[in-house]
Amino acid sequence: MQNFVNKSDDKKTPYETARNCRHYAMCKIDFLGSGVCESGLEKQFVSFYPQGRMILYEALAGNKISVTQKCIEIAGSCNLCGKCDYQCYFLNEMRPTKVMEALKNHVETYIKNGGKIKLSKDDDLLAEIKKIVGDNWATNDEAITVTYSHDLSAISDPKVPDYVVMPNTKEEISSLVKLFNKNKITYTIRGNGQNLLGFAINDGVIIDLNRMKTIEFDEKNWLVKVGPGVTAFDLQKQAQKRGYRINASEPAALLCANIMCSGIMSTFSTTYGINADNFINAEFVNHSGSLFNLNEISSPNLYSYKNLQHKDSPGICVSASIRLHPVTDDEKGILVPFETLNNALDFIKDCSVRHIGLALGIVGAEYISTFLSPTKKMASEIKNIFVDKLNIPWLVVVIGDKYAIRSISEMGFPFFDQNMFKSLYLGLPSLKTAQWLDLVKELSDDEPYSYLKVKSFAELFETALSPSPRLYSQEVDKELSPFFEKLFSRQEMTDLVWLNMYRIMSTRLGRKKPFLPALIYLPIDNDLINDFSDKFRLIAEKHGIDNDFGFITPIDNGKRCIFEYDFFYDYNDPDEIQRIRQVAMESNMLIDDYSVKTGTVKGHPYVLYQGFCRKENLLYS
Amino acid sequence: MAGKNKPVIALTGATGFLGSHLMATMLKKGYSIIVLGRTAKNESLKERISRLLQWFGIDRCLDQVTCIDADLSQYNLGIENKEYSRLCSVADYVIHCASDTSFSESKREKVMAANVNNLQGILEFSKNANVSFFHYISTAYVAGTGVTYCKEILSSAKSFTNVYEESKAAAENIISLFCQKNSISLSIIRPSIVYGDSQSGRSLKFNALYFPIRSAQSIRDIYLNDLRNNGGIKATKNGIYIDKDGYLFLPLKIYLPHEGDLNIIPVDYFVNATIKIIENCSQGGIYHLTNNFPTTMKIVAKYYEQLMKVRGVEIIYGPQPDNLLRNPAEELFDRFIEPYRPYLSDNRVFDRTNTSLATDNLNPPEFTYDIFKTCMEYAIEVNWGASIFG
């Protein structure tokens, strides 16, 4: 077995690395095609994935828990294969394998030194739970429960649940709910812990839905029915194999949970919509343990929308019938550069109104440089090049068929086509030292980015950057570069369509620091958006919080858009957590103010547990 | 130390290319200069001037300079009343060198604002200061298009190559009327294309003549890198190779509309001639600081090949054939030189009667290989201006 730990360039201690786990659950999906932690796939509890082991090691090394039976099992189940290094380095420049090794060492040393193994005993409730789901799928062992104490929201205080249970059927869920109601036990549903507001952590019982991974295609009705444990990434993969596409958010997000919480949104929402546009039906277990589905007349009307913060959940979503979308073989991605946000906004509005393009999104230089760069250092260098040398502070990502791309060309907008994007991406290291960039900037003097219209510029661009997987992979840890070279030789890794469908890069945004997004639905009104952007920035600056423009995607024929603004913070710094909480509060107040003032602005927190609503009810009521 | 009996000059554009070189030499000659300029993003006007004087090696002259934060678009140049009055009482001459030199049509509004609309402030200042002379730095190309012999008189041209020329012609007329009305002597100094110092090669700006050279050098470097480090697949595809003498053969056909000249003067000539005009002419007038022996792009191309160890550059006069197949280097180079193309094969001849009289027949040097080499080597040394201040 290859052990990567000692050869790593990463200077962080295992404890520091463990404390910096972003809890994105990306190690639970095979987004690089390099495989997923085998023990995780077998045992299913998050504790057996790298993310769980990171939390477990942090708890052990920080003396928060003792070594338990499950702890030995979890540590022993890691074979130090290094797959998590590939994945975590790709996203966050972190090397978890050394944490895995430290965990093993910690447990082995503890045992060698005669340490007492803490035995967890089944109490009456746990025995009842096990009767429902089977012995292997419920536990109160601290080594498991502690790994459910975090979710994506690092601003919520961690909470260790008393029990974790993994049901496999809706009937089991129904029985569990009835049991918990009878015993007045608090229970919380958890997908992959992608909730930004801390609603996937609680005391009491955590119901982890990850075993429920059924996927049933109904192609004649353009539908796929999924269980609540199916991730966006896995379903997209299955759909793509059959020649379809789904609208999917974060790749590790579980689709049912995603719809439930706030609805699915992506750059494809320009065409595929949001909220109820994305599914046909869904099944639930309500708070009494009874089943209902949305197509029953007697069911609660989840298609409605009420402007209430933190509305109660309608129950547990146990399946959803997701819409499948057609795909044509001429789809391509392009990047359209802009000097100002206003110009970019005008462009996406125009495209959206005219139905040009399948997916549209404005991103800033911070976003694009972070997505493309394999390391933090390089991202910062590349951002400066984009802004200062190429004069590209804004880019619009467009996915469209040949007619859409041709229309944009006819509209007169210069753009980086798919081939140039590939050159740019794999040639990023050359960009850092390219003397000719100053000239390119001067070429834009008369007409911004007009060099992109020069017939052979793409060829010269490629010659100048000498892009290659080898060049790109030279930027990463030396030991990982052969893997990266092989990875970036794969066509999809530089394919804008694939990258937008699977969104594997988006979590790179949290590489420098975890982030808290402010999400708003609002009209594509340049003044309003600039106003929000300025005010978010001022709020963040007042509290010393790093911040940046996230993205904007038009929806509903350009009548509205989704706007994300991001705040970055160190969740190991209690002072910074206090400040980010303040920023979150003030940002929400700002959104509330505008909501009242304009009647057209809706803040994301108000959508919580209303993800099944019709978008019209959300946007226009 | 300021020279006795030398007029006090109010100078705009002192941080620009021509203005800074003019300021440096005038300071060396003992003039006192009031610099009317603006604080930059992270640097005060005084810091900017101080940095420039350091570059010219005349830090000692800083006490001859009075730096005044001024906004030419504002009433009283945005200067507080008391200070404005004080400046009016000391300024003897105005040299108006500030200008937006962009050729871009998309920047028309900005260029016209800077070069035409903003004149009022500095003209009013000249009147209020009761200056005896207003010296305006214009361009030889106010003559416009369609003219072959350009006299040293106000331009009545109706068509221009770009907005810059148009704005300068409009400015000349406005200034002329104003000065006439207010009995201020006026000299209009019209340089052609200015490059660096013919002796040292030093320059603060690297556009105009430099731009095509820099573009060609960049394209050369891209293919050299391809040949040396990446197997030269792209280079070979386009017939680019390193020949037996170690020269890069890079086919670069440059089409220019017709035969013609490239009228360039070095900045040291510009400065010396301008100072002579300022010091010698009591009546004012219009002066062409142009070259009686202009060079051609064929000569510049030859110099470029020699210096950069390149072969394959071809200057072709006449229209570009339809459906001409161009290699990527040619396509990009064409785009690079587009704004400068009208100046690269120019048929205009410039009258220099006034200039010769005012400058005691001072003439710019012929553009030799040595001058080219000195100027380009300096440009490369300072990375075309990127590392000029270290």
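This is a predicted model: local features need pLDDT of at least 70, side-chain atom pairs count only at pLDDT 80 or more; totals for chains, interfaces and linings use all residues.
Guide: Residues are numbered from 1 along each chain as its sequence is written, and chains are lettered from A and ligands numbered from 1 in the order in which they are written.

Visitor: Why is Ser215(B) called buried?

Guide: A residue is buried if 20 or more other C-beta atoms, placed from the backbone, lie within 10 Å of its own; it is exposed if there are 12 or fewer, and partly exposed in between. Ser215(B) has 22 C-beta neighbours inside 10 Å, and therefore counts as buried. Its place is in helix H7 (residues 210-229) of chain B.

Visitor: What is Ser215(B) in contact with, leaving aside its neighbours within four places in sequence?

Guide: Two residues are in contact if their C-beta atoms lie within 7 Å. Ser215(B) is in contact with Leu439(A), Phe333(B), Phe336(B) and Ile337(B). Across the two chains, the contact takes 18 residues from chain A and 23 residues from chain B. On the side of chain A that touches chain B, helix H19 (437-443) and helix H20 (457-465) each supply at least two residues, and H20(A) gives the most, with 5 residues.

Visitor: What makes the end-to-end reach of helix H6 (residues 97-112) of chain A agree with expectation?

Guide: The expected span of a helix is 1.5 Å times one less than its number of residues. The 16 residues of H6(A) should span 22 Å, and its end C-alpha atoms are 22 Å apart, which agrees. Buried residues of H6(A) include Met100(A), Leu103(A) and Val107(A). The buried residues of H6(A) pack against helix H1 (14-19), helix H3 (50-61), helix H4 (69-77) and helix H5 (83-92) of chain A.

Visitor: How do you know where the buried residues of helix H2 (residues 45-56) of chain B lie around the axis?

Guide: The buried residues of H2(B) are Leu45(B), Ile49(B), Leu52(B) and Leu53(B). They cover an arc, taken from the directions from the helix axis to the C-beta atoms, of only 100 degrees, which puts them on the same side of H2(B). These residues pack against helix H1 (17-28), strand E2 (32-37) and strand E3 (65-69) of chain B. H2(B) has 12 residues and reaches 17 Å from its first C-alpha to its last, close to the 16 Å expected.

Visitor: Why are strand E15 (residues 515-522) and strand E17 (residues 560-568) of chain A said to pair?

Guide: Two strands pair if DSSP finds at least two bridges between them. E15(A) and E17(A) are joined by 8 bridges and therefore pair, running antiparallel. One bridge partner in E17(A) is Phe563(A), for Ile520(A). Both strands belong to an open sheet of 7 strands, in the order E12-E14-E13-E16-E17-E15-E18 (chain A). Strand E12 (332-338) and strand E18 (602-603) stand at its edges, each with a single partner strand, so one side of each has no neighbour in the sheet.

Visitor: What makes the phi of Ala25(A) and of Asn323(B) a point to note, and is each residue buried or exposed?

Guide: Most residues other than glycine have a negative phi. Ala25(A) is not a glycine, yet has a positive phi of about 65 degrees; Asn323(B), also not a glycine, has a positive phi of about 55 degrees. Ala25(A) has 25 C-beta neighbours inside 10 Å and so counts as buried. Asn323(B) has 5 other C-beta atoms within 10 Å and is therefore exposed. Ala25(A) is in the loop between H1 and helix H2 (38-43) of chain A, while Asn323(B) is in the loop between strand E13 (310-317) and H11 of chain B.

Key: Helices (H or I, at least four residues) and strands (E, at least two) are DSSP runs, numbered from the N terminus.
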